[in-house]
Amino acid sequence: MAARKLFLLPGDGIGPESMGEVKKLINWMNDNLATGFETSEGLVGGAAYDAHGAAISDADMEQAMAADAVLFGAVGGPKWDDVPYDVRPEAGLLRLRKDMKLFANLRPAICYPALADSSSLRHDVVEGLDILIVRELTGGVYFGEPKEIIDLGNGQKRGIDTQVYDTFEIERISRVAFDLAKTRQNKVTSMEKRNVMISGVLWNEVVTAVHAAEYPEVELEHMLADAGGMQLVRWPKQFDVIVTDNLFGDMLSDVAAMLTGSLGMLPSASLGAPDPVSGARKALYEPVHGSAPDIAGTGAANPIAMIASFAMCLRYSFEMIAEADRLEKAIANVLDNGLRTGDIMSKGMKQVGTTEMGDAVIAEFQALSA
Ligand code: IPM
Ligand code: MG
């Protein structure tokens, strides 16, 4: 079997600890399922800054571009609060997204039955929740130019970010959303702020046009992004797929994540366009949680989001659907059995650390693979 090349970028904070559990899983799969994963590892974020003075080195960037998939941990921490803006830890992640052209960010928010009581919302509001946020990831205000602080010369400065979207960018992200909706509940909610942003007017027009021309069978609804945020906490089960821009997607996906009980649970996939010849697409998988510097190094981090990100990698980069299903089931079973890391701990459950949680998921995956 051709090698499956994985490039690992554990990064900072709890990134390396969570990635450690995925490495154990990969080793087990290679030894027992002949999966042929080949891994190499690089530095990103503060770790890369400390080693090379950049948030990711050119050599590591090249490895990321050559890999079948990149697994990313987390970046950032107080240690690097004062480094120059263009080499801050987050710049490494943004460069990966931009250079690999990962325009489609898939952020599922699934409430595991065992965790419905850990949510800050009522049990009946979140039980069975399964929504998918499709966030545009390489455009909008994150990358628009000009992006600068200029000196106005009168003791005032002006900070400028630019929100900009071209038709093709909105078209391709809406197609991703409509295609995914067809495999789910067949409904897309598009969110923008067309009442104040002219780019939102274009967003709305283009999504409407793609829908009418190519996906009339999918249900489409438009919502202003602020109202969308409100509806997400009011009655999240009304949503199936949400498609939105880079900045709104950043905010709304944190909200959606918290509905499920913990940010420590949620994976994400960032995908490029399929190659017209091979069909392969560049891809990066990362947990939605950050580097959690407050608990880094204590062995308390929840590795589930990182493991679930690897499940998304199996699904989207390698079409290993059965393995992905088994891994997701293994996570659900471990939670059903009462194991909890600190972030999702509740009364009567058994609190464990990062390695015990990782081992339990691997053991369960092993049992399901037998
Ligand atoms: C995310 C993060 C990033 C973002 C940061 C770390 C740059 O918040 O992936 O949601 O804003 O996109
Ligand atoms: Mg975010």
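Select isoleucine 307 first. Beyond its neighbours within four places in sequence, Ile307 is in contact with Glu21, Val22, Leu25, Leu327, Ile331 and Val361. Two residues are in contact if their C-beta atoms, placed from the backbone, lie within 7 Å. The model is predicted: local features need pLDDT of at least 70, side-chain atom pairs count only at pLDDT 80 or more, and totals for chains, interfaces and linings use all residues. Residues are numbered from 1 along each chain as its sequence is written, while chains are lettered from A and ligands numbered from 1 in the order in which they are written.

**Stop 1: helix H10**

Now select residues 304-317, which form helix H10. Helices (H or I, at least four residues) and strands (E, at least two) are DSSP runs, numbered from the N terminus. H10 has 14 residues and reaches 19 Å from its first C-alpha to its last, close to the 20 Å expected at 1.5 Å a residue. That expected span is 1.5 Å times one less than the number of residues.

Is H10 enclosed or open? 12 of its 14 residues are buried, so H10 is largely enclosed by the rest of the structure. A residue is buried if 20 or more other C-beta atoms lie within 10 Å of its own, exposed if 12 or fewer, and partly exposed in between; the C-beta atoms are placed from the backbone. Among the buried ones are Ile304, Met306, Ile307, Phe310 and Leu314.

Show the packing partners next. The buried residues of H10 pack against helix H1 (15-33), strand E3 (69-74), strand E11 (267-271), strand E12 (283-287), H11 and helix H12 (354-369). Just after H10, look at glutamate 319: it takes a positive phi of about 50°.

**Stop 2: the core**

Highlight Val70, Leu71, Val134, Tyr285, Ile307 and Phe310. Of the 103 residues in the largest nonpolar core, these touch the most other members. A nonpolar core is a set of buried Ala, Val, Leu, Ile, Met, Phe, Trp, Tyr and Cys residues joined through C-beta atoms within 7 Å. H10 gives the most to this core, with 10 residues. The core draws at least three residues from each of domain 1 and domain 2.

**Stop 3: the two domains**

Colour by domain. Domain 1 covers 1-103 + 272-370, and domain 2 covers 110-265. These bounds come from an automatic or database domain assignment. The domain centres, taken over C-alpha atoms, are 23 Å apart. At the boundary, 19 residues of domain 1 are in contact with 20 residues of domain 2. On the domain 1 side, helix H4 (89-99), H10 and helix H11 (321-336) each give two or more residues.

**Stop 4: helix H7**

Move to residues 198-214. This is H7, with 17 residues, reaching 24 Å from its first C-alpha to its last. Ser199, Gly200, Trp203, Val206, Val207 and Val210 are buried. Seen down the axis of H7, the buried residues fall within an arc of 125°, so they line one face of the helix. The arc is that of the directions from the helix axis to the C-beta atoms. On the other side of H7, Ile198, Ala212 and Ala213 are exposed. The buried residues pack against helix H6 (167-182), strand E8 (187-192) and strand E10 (241-244).

Pick threonine 167, in helix H6. Thr167 and Val206 are 39 residues apart in sequence and 6.6 Å apart in space, C-alpha to C-alpha. Thr167 is partly exposed, with 13 other C-beta atoms within 10 Å.

**Last stop: zoom out**

Show the protein whole. Its secondary structure comes to 12 helices and 14 strands. Of its 370 residues, 46% count as buried.
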